Amino acid sequence: MDDSGKKDAGRDFIRRTVEEHNRTGKFGSKVHTRFPPEPNGYLHIGHAKAISLDFGIAHEYGGLCNLRFDDTNPERENPEYVESIKEDVRWLGYDWGEREYYASDYFEQLYEFALDLIRKGVAYVDSMTPDQIREYRGTPTEPGTNSPYRDRSVGENLDLFERMRAGEFEEGEHVLRAKIDMAHPNINMRDPTMYRIRKVSHHRTGDRWCIYPTYDWAHGQSDSIEGITHSLCTIEFENHRPLYDWFLDQLEVHHPQQIEFAPLNITYTVLSKRKLAELVREGYVDGWGDPRMPTIAGMRRRGYPPEAIRDFLERVGVSKTESVLDIEMLEFCVREVLNRSAERRMVVLDPVKLVIENYPEGQEETFEAENNPEDESAGTRSMPFTRELYIERGDFMEDPPKKFFRLAPGREVRLKHAYYVTCTDVIKESDGTVRELRCRYDPESRGGGTADGRKVKGTLHWVSAHHAVPIEVRTLGHLFTVDRPDRIGEEEDWRDYINPESRQTNRRAPAEPAVGHLRPGERVQFLRHGYFCASDEASDSGLPVFNRTVSLKDTWAKMRQKGKA
RNA sequence: UGGGACGUAGGCAAGUGGUUAAGCCACCGGGUUUUGAUCCCGGCAUGCGCAGGUUCGAAUCCUGCCGUCCCAGCCA
């Protein structure tokens, strides 16, 4: 790819490294990456960062990116997760072609590699218990101790390892370990485990194996086998790089370059698979694809466009500093895409009836409303207008402050695309709540403007009461009440900070007729409220469900909050 | 007296010894507007974790210190 138009400034350290390799011909100027998820959960926005880097960099430099499932732990992995991962990567807009691989495809090769290391005298079968192994490992500040089994002969190791594979031993009886250095300052180098016995069947290899390679043993070699040039991963694996390098050097095989970057964190949510799984398991959300979840599936259901997620990731950039992104930045990217692409519709979330006293009973006319002011080609739709309408309860105040320019007794406002109306009377319930607003309209203002050019400050959305289509609207907020729920200490329970109001449901909101034609997955802007996505979820009442993707910016609400109005 | 990494604005992030330290989000002003949306204009680090040093010149080089993160799974 031609990057000459891009100046060097702004290019991140990974791309610079890749370019340096291309310049020196380190990998024959080839670039081949891979995205290596473990199929033990759904993908989230943090994975999307890795995906956009892995696929993005490969594409930019004319290379390829593989999708490889690192399925070395049969106890936690299953096909449902591999399917969801494939769907999510595809939805994000990336294509791995025919290159769908599995670490489990390499089990035989990995076994041969292990035999090789045993023969070289740098791997041995250890027969200590897990507890003993832990004790012998030492601590970060104290060196470990050699296992009494460390000096078994090559012949004995070969025999034992083959019998481990044959199933002659029980789980925990033996493990295969690399023989490196029990006093190494990097704990990962203190004879790490390569194989453990697990008598469970694997989602792809079934019962063919009862010994499974650890991630540390399988990962680097899998990259090598696939001819990966640049193994991008998060900084938590920086400490493991010396081990991966050691394995590759001992084996004398193709040696990819691992490059670590900082993982993504976002305010008001958690991004650890363990916690996400807990939210699902304990019923705080309705599954991995709940629209409040930061999973790809959740964001899809919530209405986040994939291009907005990609744009967000590009803006964030990549570095090695521990970073926490304001959720506002993601929301900005979502609004930007939706503003230019989502059609407008009118829905009243908290309705109050408005009756136009001088509008003939039984009369009906239709107005053509633009579908998207940002895109003329989106055309128009018809909106029926009648004497009785619904408007937003919050758009009326009996005793308004100065800067409130919506409806109030004696005030004139514009009903978007329709007429100017002036409030003449307020009818209340016995408890004082407003039941109905009486207005008069100006026939001269048809279409929403008058020849005299008089100023009308407020413009309200409305729905004809007779034509209203009821829908269920779910207003989604942050999943947590604090900006850094991932930072809750051990003494506290992070679940105490789950936002009990993260989903607020309006079970029967009147919508204009055109809303009735929306199909699940379609994204629209409900005027003056926000962007919403028609959901495939079912409501109790059988009404169509709309999830709020993100609200519109609300300067008025902000002014009120700060007490300026 | 363990090892590895990282500190530039409220949040990200360019900057790789040489004019007034990019840009984005947020925030604060102002203009336009039939969405208090969008859009447009302007503001927002005499300062780069701190302290010394080298240099004509330092966010960039050196020394020391401080802070944060990761590592003691037969998880990934």
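**Notebook: confidence, domains, a helix pair and one histidine**

I began with confidence in this predicted model: chain A averages a pLDDT of 96, and 98% of the residues score at least 70, pLDDT being the predictor's confidence in each residue, from 0 to 100. The scores that I noted for the model are ipTM 0.96 and pTM 0.96. I then looked up residues 1-9, where pLDDT stays under 50 and the model has 11 contacts beyond four places in sequence (contact means heavy atoms within 4.5 Å).

For my own reading I noted that residues are numbered from 1 along each chain as its sequence is written, and that chains are lettered from A and ligands numbered from 1 in the order in which they are written. Local features need pLDDT of at least 70, side-chain atom pairs count only at pLDDT 80 or more, totals for chains, interfaces and linings use all residues, and side-chain values use heavy atoms, with hydrogens and water left out.

Next I looked up the domains, whose bounds come from an automatic or database domain assignment. Chain A is given domain 1 (14-105 + 215-261), domain 2 (108-212), domain 3 (273-343 + 471-561) and domain 4 (349-460). The C-alpha centres of domain 3 and domain 4 lie 30 Å apart, and their contact takes 18 residues from domain 3 and 22 residues from domain 4.

I turned to helices H2 (residues 45-60) and H11 (residues 306-316), whose axes come within 10 Å and cross at roughly 75°; helices (H or I, at least four residues) and strands (E, at least two) are DSSP runs, numbered from the N terminus. Axes are lines fitted to C-alpha atoms, for helices over the stretch in contact, and angles run from 0 to 180 degrees between N-to-C directions. Ile-45, Ala-48, Lys-49 and Ser-52 of H2 meet Ile-309, Phe-312 and Leu-313 of H11.

Last, I found His-467 in the loop between strand E19 (463-464) and strand E20 (469-476). Leaving out residues up to four places away in sequence, His-467 touches Glu-364, Pro-384, Thr-386, Ala-511 and Pro-513.
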